[in-house]
Amino acid sequence: GVPGAAAGAILDLVAGTMTRSTQKHIDEYRADLDRHMRYFLQHEDKSAQYVVLDGEKVIGFALAGVMPEEDLGKYYFIDHSNPREPLSWILLEQITVDAAHRGEKIGSMLLAKVAQRAKEMGMQGVYTGTRGNTRLFYEKNGFIMDKVYLKRPV
């Protein structure tokens with residue numbers, strides 16, 4: 001789990017890696033991410049949160065978990081022909097690595113930890129929405145395109 005004191009540093013890291021086009025939504029995004037981090041801390045049996053530190057500085061973060069059932073309809077990348085399927089997979093909601101530390105396999109390590117956690121939880125695997133230029137990163141790490149989202153079975 002993520003200690004409460006680290007939450008601000010995590011939010012700052014994520015904000016710092018957002019593109020200019022998404023910066024205008026930063027306050028809303030930070031509020032959503034903070035809410036989801038808190039939700040998954042309260043439901044640790046259904047979640048995976050990992051932080052990578054360099055000394056005391058947060059340089060990597062991953063947030064994943066079983067989506068709350070009431071949120072199922074909100075996600076555009078869910079296969080509506082099988083809308084309950086996401087409850088047997090964990091959603092990788094956020095993965096971020098500090099720009100100065102990219103290329104050091106930190107993101108791959110975080111994905112491996114999330115996949116291991118999914119396996120421990122008895123889930124089918126990890127899924128995430130497509131994110132343009134990051135799709136290659138996911139595919140290098142075992143994700144395959146399935147309809148409208150990327151999946152990594154365990």
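**Entry 1: the β2/β3 pairing**

I started with Ala 62 and looked for its bridge partner in β3, which turns out to be Ile 95. This is a predicted model, so I am reading positions from a prediction throughout. I then counted the bridges between β2 and β3 and found 6, with the two strands running antiparallel. Next I checked how well β3 is covered: 8 of its 8 residues are buried.

**Entry 2**

Which way do β3 and β4 run, parallel or antiparallel? They run parallel, and I find 2 bridges joining them. I also noted that Leu 91 stands opposite Tyr 127 in β4.

On to β1 (residues 47-54) and β2 (residues 57-65), which are antiparallel and joined by 8 bridges. I followed Asp 54 across and landed on Lys 57, its bridge partner in β2. β1 and β2 make a hairpin with 2 residues between them. In that turn I looked up Gly 55 and got a positive phi of about 70°.

**Entry 2: the whole chain**

I stepped back to get my bearings. I have 5 helices and 6 strands to keep track of, and along the sequence they go α-α-α-β-β-β-α-β-α-β-β. The chain has 154 residues, and 46% of them count as buried. I also looked at contacts with a separation of 6 or more: 62% of them are between residues 24 or more positions apart. The accessible surface comes to about 8,400 Å², with 52% of it belonging to carbon and sulfur atoms.

**Entry 3: helix α3**

I took α3 (residues 26-42) next. Its 17 residues reach 24 Å from the first C-alpha to the last, close to the 24 Å expected at 1.5 Å a residue. Which residues of α3 are buried? My list reads Ile 26, Leu 33, Asp 34, His 36, Met 37 and Phe 40. They cover an arc of only 165° around the axis, so they sit on the same side of α3.

Lys 105 has a positive phi of about 70° although it is not a glycine. Is Lys 105 buried or exposed? It is exposed, at a relative accessible area of 63%, which is over the 50% cut-off.

α4 itself (residues 106-120) has 15 residues and spans 21 Å from first C-alpha to last, close to the 21 Å expected at 1.5 Å a residue. I wrote down its buried residues: Ile 106, Gly 107, Leu 110, Leu 111, Val 114, Ala 115, Arg 117 and Ala 118. What covers them? The cover includes β1, β2, β3 (90-97), β4 (125-129), α5 (135-140) and β6 (149-153). Just after α4, I found Gly 122 with a positive phi of about 80°.

**Entry 4: two loop residues**

I looked up Gln 124, in the loop between α4 and β4. At 40% relative accessibility, Gln 124 counts as partly exposed. Leaving out residues up to four places away in sequence, I see Gln 124 touching Ser 88, Trp 89, Arg 152, Pro 153 and Val 154. For Val 154 I also took the C-alpha to C-alpha distance from Gln 124, which is 6.0 Å across 30 residues of sequence.

Pro 86 is in the loop between β2 and β3. I get 3% relative accessibility for Pro 86, so it counts as buried. Its C-alpha is separated by 9.1 Å from that of Glu 69, 17 residues apart along the chain.

**Entry 5: aromatics**

One I checked is Tyr 138 with Phe 143, an edge-to-face pair at 5.2 Å centre to centre and 65° between the planes. Both partners are covered: Tyr 138 is buried with a relative accessible area of 1%, and Phe 143 is buried at 3%. I also noted that Phe 137, Tyr 138 and Phe 143 form one aromatic cluster.

Conventions
Residues are numbered from 1 along each chain as its sequence is written. This is a predicted model: local features need pLDDT of at least 70, side-chain atom pairs count only at pLDDT 80 or more; totals for chains, interfaces and linings use all residues. Side-chain values use heavy atoms; hydrogens and water are left out. Helices (H or I, at least four residues) and strands (E, at least two) are DSSP runs, numbered from the N terminus. Buried means under 20% relative accessible area, exposed over 50%, partly exposed in between (1.4 Å probe, protein chains only). Contact means heavy atoms within 4.5 Å. Accessible areas come from the Shrake-Rupley method with a 1.4 Å probe; for residues, only the protein chains shown count as cover. Two strands pair if DSSP finds at least two bridges between them. The expected span of a helix is 1.5 Å times one less than its number of residues. The arc is that of the directions from the helix axis to the C-beta atoms. Rings of Phe, Tyr and Trp (its six-membered ring) pair if their centres lie within 6.5 Å; planes under 30 degrees apart count as stacked, over 60 as edge-to-face and the rest as tilted.
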